[in-house]
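This report describes selected parts of one protein structure, one element at a time. Please keep the sequence and the structure in view while reading.

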Amino acid sequence: MSDAALWSALADPHRRAIVALLLERPRPVGEIVEACGLSQPSTSKHLKVLREAGLVRVRQDAQRRVYALDPAPIAALDAWLEPYRRLWNRSLDALGRRLDETSDDTPHPPPPKD
């Protein structure tokens, strides 16, 4: 599993929708097809990309294939995003401080009349 494969797999909105569904719980292919509104062949192609990227696992349950998220690649993405999250938090903290400073000096309009 490469970073490029992960990002490529998640670039497609249908695959992100499938990942969001699987975040709730493992699901058989039929449920994924129904929830996403895609054809069975199209859903299978998306699931194959997700599986090859390592984002999902599949197990056989009698005649059904049940898909589940594999948390390891998601954790790797989260670790990659951490420095950016810190950057955004610092920026948002600075913005909050600036808004606090200016809110005391800015006159507030009267509330709207009913």
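## Residue Arg 59

Arg 59 counts as partly exposed because its relative accessibility is 47%; buried means under 20% relative accessible area, exposed means over 50%, and partly exposed lies in between (1.4 Å probe, protein chains only). Arg 59 is found in strand E2. Helices (H or I, at least four residues) and strands (E, at least two) are DSSP runs, numbered from the N terminus.

Leaving aside residues up to four places away in sequence, Arg 59 touches Arg 64, Arg 65 and Val 66, where contact means heavy atoms within 4.5 Å. Gly 30 is 29 residues from Arg 59 along the chain, and the C-alpha atoms of the two are separated by 14 Å.

## Basis of the model

This is a predicted model, in which local features need pLDDT of at least 70 and side-chain atom pairs count only at pLDDT 80 or more, while totals for chains, interfaces and linings use all residues. Residues are numbered from 1 along each chain as its sequence is written, and side-chain values use heavy atoms, with hydrogens and water left out.

## Helix H4

Helix H4 comprises residues 40-52, and its 13 residues should span 18 Å at 1.5 Å a residue, which agrees with the 18 Å between its end C-alpha atoms. The expected span is 1.5 Å times one less than the number of residues.

Which residues of H4 are buried? They are Thr 43, His 46, Leu 47 and Leu 50. They lie on the same side of H4 because they cover an arc of only 100° around the axis; the arc is that of the directions from the helix axis to the C-beta atoms. Exposed Lys 45 and Glu 52 are on the face turned away from the buried side of H4. The cover over the buried residues of H4 includes helix H1 (3-11), helix H2 (13-24) and strand E3 (64-69).

Just after H4, Gly 54 has a positive phi of about 85°.

## Helix H2

In H2, the buried residues are Arg 15, Ile 18, Val 19, Leu 21 and Leu 22. Their arc of only 160° around the axis puts them on the same side of H2. The face of H2 turned away from its buried side carries exposed Leu 23 and Glu 24. Among the elements covering the buried residues of H2 are strand E1 (27-28), H3 and H4.
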